[in-house]
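Please open the structure in your viewer and keep the selection tool at hand.

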Amino acid sequence: MNRKEFVQQSFFGLTVFATGVGLAQCLGGCTSSTAPTDVDITLDLTAPENAALKQVGGSLRTNGIIVARVAESEYIAVQSACTHEGATIRWQQSANQFQCPEHGAAFSRTGAVARGPARTNLVSYTATINGTTLRITS
Ligand code: FES
């Protein structure tokens, strides 16, 4: 085997190995999203850009997080990227869950997987209301 053949065979072997590793990871549940960390966000609920939260059932996305108003004085927050392949999830008040429009995954209020293909829970955050100020923290 000359040098050229060695390099070609080594590259081929490395490619096959890398593909195999990638497939093995996907069979275990692909995840391509990362959840925000060290979160500390304050939202002024009187500000026009936060108007979506004025009504129960409303939601908005900010800094990789989706915030939903689920009751008169109750807000919840989870990462906005689906743990399946990273599509942006949305809050569905009538179903009382977060849903992903890409492949149909659903998550509970706390971000727990309720329906696949997602296998990993969403990261949830603490939402604390104080007057007209909503604070979202890790
Ligand atoms: S990206 Fe959400 S279910 Fe596939």
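Select strand β7, residues 106-107, together with β8: the two strands pair in the antiparallel sense over 2 bridges. Strands here are DSSP runs (E, at least two residues), helices are DSSP runs of H or I with at least four residues, and both are numbered from the N terminus. Two strands pair if DSSP finds at least two bridges between them. Within this pair, highlight Phe-107, which stands opposite Val-113 in β8.

The model is predicted: local features need pLDDT of at least 70, side-chain atom pairs count only at pLDDT 80 or more, and totals for chains, interfaces and linings use all residues. Residues are numbered from 1 along each chain as its sequence is written, and side-chain values use heavy atoms, with hydrogens and water left out.

Now move to Ser-80, in the loop between β4 (74-79) and β5. Is Ser-80 buried or exposed? Ser-80 counts as buried because its relative accessibility is 10%; buried means under 20% relative accessible area, exposed over 50%, and partly exposed in between (1.4 Å probe, protein chains only). Show the residues around Ser-80: leaving aside neighbours within four places in sequence, Ser-80 is in contact with Arg-61, Gly-64, Ile-65, Ile-66, Ala-87, Thr-88 and Ile-89. Contact means heavy atoms within 4.5 Å.

The next stop is Thr-133, found in strand β10 (residues 133-137). With 32% relative accessibility, Thr-133 counts as partly exposed. Apart from neighbours within four places in sequence, Thr-133 is in contact with Thr-42, Leu-43 and Thr-128.

Finally, display the whole protein. There are 1 helix and 10 strands, and along the sequence they follow the pattern α-β-β-β-β-β-β-β-β-β-β. Of the 138 residues, 32% are buried. Among contacts with a separation of 6 or more, 43% are accounted for by residues 24 or more positions apart.
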